[in-house]
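Thanks for asking me to look this one over.

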Amino acid sequence: MVIDSEEAQELSKVFELLQWVADIGVKSVCLYDPEGVLKKNKEPITQRFSSANLSEEAAVNGRLVTRRNLTLEFVSFEDGKEAVAKAANYLFVKHYANGTKEKSDFTEPQMAEALGAIGSGGAEPDLLLIYGPTRCHLGFPAWRLRYTEIVHMGPLKSMSYGSLVKAIFKYTMVHQNYVTSSCGTSMMRKIDLTDAASIVCILLRMFFFDCRTKVKRYLLACMSN
Amino acid sequence: MDEDSSSISRVLSVGPVPDHIAFIMDGNRRYAKKRNLLDGAGHRSGYLALMNMLKYCYELGVKYATIYAFSIDNFRRRPEEVQSTMQLILEKIEDLIKEESMVNQYGVRIYFLGSLKLLSKPVRLAAERAMVATSGNSKSVLSICLAYTSSDEILHAVQECCGEKWDEGSALESKGAGNGLVFLKGNENGKIKPSIVVKDLEKHMYAAVAPDPDIIIRTSGETRLSNFLLWQSANCLLYAPPILWPEIGLWHLIWAVLDFQRNFSYLKEKTKLS
C-alpha cells in the first residue's frame, strides 16, 4: 500500500485499514510512504498486528472471522533509487573487484540478489493500493512494480471497507480472465478465502455494498471448484 | 487541429500544461477483434490514433511525448505476430522521416529508447536513420520505446556506471594515483569506497533524453505499468481510461490534462521533496 506521508500520520486510520486487510485474509502487506512516516512508527504498528494480539482481539470481540498472521514490510523512498545505487556498488565490488572488467552484462537475478544483499529485496506486490489525493505511486521501488496492478483508493481519511473488498475482488477477477480455471482457483487462494465463515462475512459485506452480480459470479466460481 | 480544438487548447493553456506525456498504447489487437478486422489492422488503426494524439499534444504545448511501442516481453508473442509488428514498425519509421510528415511539421526530434541490439538489422538501421534525420529538429521530442523494459533500462544504467567507474579507476591506477580506492587489489583492509550514486544512474537511463513524465496514459483500463518508465514515474499522474487505444481522442487528453492541472501543486510538492 502506498500512503501519502501526511495522511500516514493518522495512525488510527492505518490501524483500521490493516485490520480490514487482515480480516479479508491477505497474508502480506508492504506499507510504503515516501518520507518514511510508517517506518518511524514500525513498532506500534507491528505490536498491534502481531499474531498473539490478533488472537486476543478475536476472543474479546467474539468475531467470527479468524485472523491470520499478517506479515508487514515497511518501505520508503530511500528503498527505491538509492537502493539501486547501493546495489550497483555491490555489483561493482562483486564483479569488478579483482581488477578485471567483466564481459557479460548483469542479469535480473543478479540485480535481485544485490538488492536483497543490501537489505532492499522483497517480492513484487500483486496489487498496489494508493491512499492519497492522486493516482501516483510516489516513488515505490521501481524494481518491484513491474507488473503490479495499481488502484487509486482516494484519501485515507475517506477509506471504506467496501472499496477495499471491491479492489481486491476486481483484482482476482482480472487475473481469472488471463489464466485457466485451475490456475484461477490458485489465484483466489492467494487471499486465503477457504474459511467458510470468512467467505460468508465477505459476501455479506460485498452484497451490502452493491456488488450483487459479482457475488453470484464469485459463488459460481467457488462451486465449480 | 480544427478551430474548436484550438480554442480548447487555448483555454487549457491558461493553467499549467504538462511538459511530458507518455502513452502505453494498449488495445490494438482487441480493437481488431471487436471490429472483425484482420490481425494487423488494429495496429494500423492504432498508428492513426497515435499521430492524432501527438498532434494534439504538440499543439497544446506539450514538448515531450514518449510511447511504448514494443516491450522486450512482446518478443515472446507468436513469431508471425512479432514479424508483422516489426514490419509495421519499419514501415512507420520510414513514413515518419518523410519530408511531409508530422515530425517535420512540428519540428520533432525522434529518439529510440531500448535495447536496440535485440531488433533485426533493418529495423535497427531504420531507427538509427530516423534519429539522424531528425537530429536537427528542436521544437519537440518523440521518444519511441522499442525493445524496452524498465528493468532492462535499470540494468543497462548499472552496467554503464560500473564500466565507467572501472575505466576511471584504471586510468587513475595507471597514473599511480588510484590509492586502491577502486580496486580491492593493493587495498589493505579490502574496503571499496562506494562511488555510484543516483545521478550517475540517471545519466545512463535510456529515457534521460527527456524530463520525467507528468502523465502516463494507458488505455484499455489496465492498471499496470507493465515495466514502463518505472524509474521516471515517481511523481507522475497515472491515467487509465477504459477505452481501447485506437478509440482514444482529444477529449481523453483534455481530461488527463485537467486532472494534471487539478493535482499540479501536490505533484510539484512531491517532486521537490524527492
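Predicted model: local features only at pLDDT ≥ 70, side-chain atom pairs only at ≥ 80, totals over all residues.

**Notes on salt bridges and the chain contact**

1. B:Arg77 counts as partly exposed, at 29% relative accessibility, whereas B:Glu81 is buried, with a relative accessible area of 11%.

2. B:Glu81 also forms a salt bridge with B:Arg29, where the closest N and O atoms are 3.0 Å apart. B:Arg29 lies in helix H2 (residues 28-34) of chain B and B:Glu81 in helix H4 (residues 79-96) of chain B, so this pair ties together parts that are 52 residues apart in sequence. B:Arg29 is partly exposed, with a relative accessible area of 42%.

3. A:Lys94 is partly exposed at 48% relative accessible area, and A:Glu113 is partly exposed at 36%.

4. How many salt bridges does a search of the whole structure find? Over all chains, there are 29. A network of them links A:Glu149 with B:Asp26, B:Arg30, B:Arg218, B:Glu222 and B:Arg224.

5. Now to the contact of the two chains, which takes 47 residues from chain B and 39 residues from chain A. The area buried between them is about 4000 Å², and carbon and sulfur atoms give 62% of it. B:Leu155, B:Gln159 and B:Trp166 supply 15% of the area that chain B buries against chain A, more than any other three residues.

6. Across this interface there are 4 salt bridges, and 20 residue pairs are in polar contact. On the side of chain B that touches chain A, the largest share, 10 residues, comes from H7(B). The residues of that side divide into 26 nonpolar, 11 polar and 10 charged.

7. Finally, do look at B:Asn227, in the loop between strand S5 (215-218) and strand S6 (237-239) of chain B. Is B:Asn227 buried or exposed? B:Asn227 counts as buried, at 2% relative accessibility. Its side chain makes a polar contact with the side chain of B:Ser151 (2.9 Å), and the residues that B:Asn227 touches include A:Arg146 and A:Tyr147.

Note on methods. Residues numbered from 1 in each chain as written. Chains lettered and ligands numbered in written order. Heavy atoms only, no water. Helix = DSSP H or I, 4+ residues; strand = E, 2+ residues; numbered from the N terminus. Buried < 20%, exposed > 50% of the residue type's maximum accessible area, 1.4 Å probe, protein only. Polar contact = N/O pair within 3.5 Å; in protein donor to acceptor, adjacent residues only side chain to side chain. Contact = heavy atoms within 4.5 Å. Buried area = accessible area lost by both parts, 1.4 Å probe. Salt bridge = Lys/Arg side-chain N within 4 Å of Asp/Glu carboxyl O. Nonpolar A, V, L, I, M, F, W, Y, C, P; charged D, E, K, R; others polar. Lists of a residue's contacts leave out its neighbours within four places in sequence.
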